[in-house]
Every structure is written in C-alpha cells, then in structure tokens.
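Have the structure open as you go through the points.

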Amino acid sequence: MRSAVIGAGNIGTLHAHILSECGYLAAVCDIDESKLSPYGGLALYTDYKKLIDEFHPDVVHICTPHYLHAEMTVYALERGVSVLCEKPLCISYEELEAVLDAEKKSAAMLGVCLQNRYNRETVFVKEYLKDRDVISAVGHVAWHRTAEYYASGSWRGRKATEGGGVLINQALHTLDLLQYFAGMPEKITASVSTLTLGDCIEVEDTAAVIGTKGPGITLFATNGQNSDMPVEISIKTDGSFIKIMPGFVMINGEIMDIGKETYRPLGKLCYGSGHGALIADYYEKLQNGQKFAIDGGEGAKSVRLILAAYRSGGAEVDV
Ligand SMILES: NC(=O)c1ccc[n+]([C@@H]2O[C@H](COP(=O)([O-])OP(=O)(O)OC[C@H]3O[C@@H](n4cnc5c(N)ncnc54)[C@H](O)[C@@H]3O)[C@@H](O)[C@H]2O)c1
C-alpha cells in the first residue's frame, strides 16, 4: 500500500503517524510547506492534484478543512484513487450529490472517518440493541472552544470554509451515533445560535436538534461550556435505560463490562481512540476487496441531519 495524507495539520499528523506505523505512509501534501518538514524521505507535495496525478497513491487520507473535502474526494475517486475522508464528508447538498455520484462511478473505495463508531462503548451498545427498538436517544455535547482555537486556522468559524459551527464540527460524531443507534429521523426541528463566541465566529456555537418524525433522537450541543465535559448519550428501549459516557456503559443501573481499550488513544482526548481501529478496518476491507461499512451513504447521514438543522430555523423540515 502506498498511502498519502493530504492536510498535515492536527488530525493529518495522527493519520500520518498511524500509517507510518503500518508502513503505508508514502507521501504527504500540505499547502503550508512548513507542515511537510517532519516527513523527509517521503514524496512531498504542496498541490494535491499533482500528488494524485504524479504519485498515484493507492489511498489518500483527506485531512483538510471542511470546504475542501468534496472537491478532493471527487478528484481522487475519478482517478481511481481510494479515499479515507475526515468528517464531515462535505458541507452542502450540491457537494453531497457530487461525492455520492463519484463514489458510484469509481472502482476505488470511499470511507469516512467516523471513528467513534469503533469505540468499545459504541460497539457494546450497538450489539445490545441488535434485537431491541430504541424509543428515545439523547446526546449532550458541552465543550469549550475559545477565540484562540478559532484563530488557529483561518477556515474555522466561517460558514464558507467550516460549513457551520458546533454541529458540523464538534457534535457531528454524537449526532452520527444517535442515528447509528436509533435510525434516521424523517423530519427534524432545530435551532442554532451563537451565545458565547459571537465576537470571533460567524457560525453557531450552540444547537438543539430534535427528531419529530421517525426515531426520537435529540441532540443538545454547545462549544460555550467553560471546560470540555464528557459526551453523554442516553437511550431508552422497551425495558432498558442505557447511559453511555467515555469508557463507561450503564444499563438499568448496572455498569457493564465493556472490555479493555485495545487501541491506545492518540492525539487530543476528544478524538477518542477509534482512529487506529477505523484505519485498520478500512485497509483490511480494501485489501480483501470487501465493503467498508462507513461509505459515502453512511457518511452522508450526519451531513443530511446537519444541513436539515441549518435549514430548520425552528420549523419542522424533511431530512
Ligand atoms: N475525526 C475526528 O475526531 C477529528 C478531529 C479533529 C479534526 N477532524 C477533521 O479533520 C479535518 C482537519 O482538521 P484539523 O484540526 O487537522 O485542521 P488543521 O487546520 O490543523 O489542518 C488542516 C491542514 O490542511 C492544510 N491545507 C489547507 N488547504 C490545503 C490544500 N488545498 N491542500 C493541502 N493541504 C491543505 C492546512 O495547511 C493544514 O495543515 C477537519 O475536517 C476536521 O473536522 C476530525
């Protein structure tokens, strides 16, 4: 495998680290040349099109700002290069259509980095829910993001480049897990507001999303908390009440044995430890010609929920 990371920032560094441990990392691309200096000895590019056309890697890991995901994914898939794209898959309906169309026409494989589906809590609860219907699922994300955080990348906090705020960046994983456990609502209502970071961002820092037709999922999310709190998910089925927090699952008051962490967490605590497991699974499926579960259609689900939330303005809308 000859793999390349495009975008060697916070998360690209983590992808590169995992790939180099597997012996797959062959090339790195970033428009900022200073980000390439740790990768001496590899093929280095500042233009992703050149990387794809000249180097023709087997896989590109797209770890760039949100507004570039669709363009880069389509470019790679059209040239037969497989893609593992960081979340979100894209930031508009037009992009979604283009990406899904490119995936359909390409022999290469698209995967989306929703690594929290690999957390041991998630795996345990998904299995527990196999023969049970979810009545309600509620997620809480209360994190702390500052003016300095938003100043750390010019793409952050801007509608055109981040695509939104807390919903499309920090809370996307939790929204994805809510629909992963409970199913996709047909209709939702949502409100988004900027309560604490209005002097430095033009997108929402706080949001509420409620499924009004179909599965009863609700998300409360803010970047305005005074410190990062653990993400919490509560689920009700007929006969059980489940509480999920990092490293912890409780069912009907009893703490479950969810096994030991098999992948060590890398990078920031809030990334979780799922990247290693997801990347290993992606490559196993690619090398064996099998389907990777989190394909374009799966990556599209959270994007559709979020785009509906942005359209809602407090009214019920189709997802
Ligand atoms: N899965 C997760 O838990 C998780 C965690 C953090 C970030 N992310 C996602 O990863 C992506 C990047 O986030 P980040 O925090 O690493 O951002 P970042 O700003 O630290 O890194 C982005 C990098 O992309 C580079 N870049 C910008 N335009 C480029 C171009 N045209 N070609 C090549 N490189 C280009 C920048 O120079 C920068 O080094 C985002 O989609 C973010 O949502 C996911």
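Predicted model: local features only at pLDDT ≥ 70, side-chain atom pairs only at ≥ 80, totals over all residues.

1. Q225 has 16 other C-beta atoms within 10 Å, which puts it in the partly exposed class. To count as buried it would need 20 or more, and to count as exposed 12 or fewer.

2. Where does Q225 sit? Look in the loop that runs between strand 10 (216–222) and strand 11 (232–237). Leaving out residues up to four places away in sequence, Q225 touches A142, W143 and H144. There is also T146 to look at: 79 residues separate T146 and Q225 along the chain, yet their C-alpha atoms are 9.9 Å apart.

3. How many of the residues of helix 8 are buried? The count is 11 of 11, so this helix is mostly covered. Its buried residues include L172, H173 and T174, and also D176, Q179 and Y180.

4. Next, a helix pair. Two packed helices are described by the angle between their axes and the distance between the axes. For helix 3 (residues 69–78) and helix 4 (residues 93–105), the axes come within 9 Å and cross at roughly 15°. An angle under 35 degrees counts as roughly parallel, and helix 3 and helix 4 are therefore roughly parallel to each other. Their crossing is left-handed.

5. Which residues make the contact between helix 3 and helix 4? From helix 3 come A70, T73, V74, L77 and E78, and they meet E95, A98, V99, A102 and E103 in helix 4. By class, the residues of this contact are six nonpolar, one polar and three charged.

6. Last stop, the ligand. It is surrounded by 25 residues, and the closest are G7, G9, N10, E86 and G153. The shell around the ligand is made up of 11 nonpolar, nine polar and five charged residues. Which element gives the most to this shell? That is helix 1 (residues 10–22), with three residues.

Key. Residues numbered from 1 in each chain as written. Axes fitted to C-alpha atoms, helices over the stretch in contact; angles between N-to-C directions. Helix = DSSP H or I, 4+ residues; strand = E, 2+ residues; numbered from the N terminus. Parallel < 35°, antiparallel > 145°, perpendicular 65-115°, else oblique. Left-handed = near helix turned anticlockwise from the far one by under 90°. Contact = placed C-beta atoms within 7 Å. Nonpolar A, V, L, I, M, F, W, Y, C, P; charged D, E, K, R; others polar. Near = placed C-beta within 6 Å.
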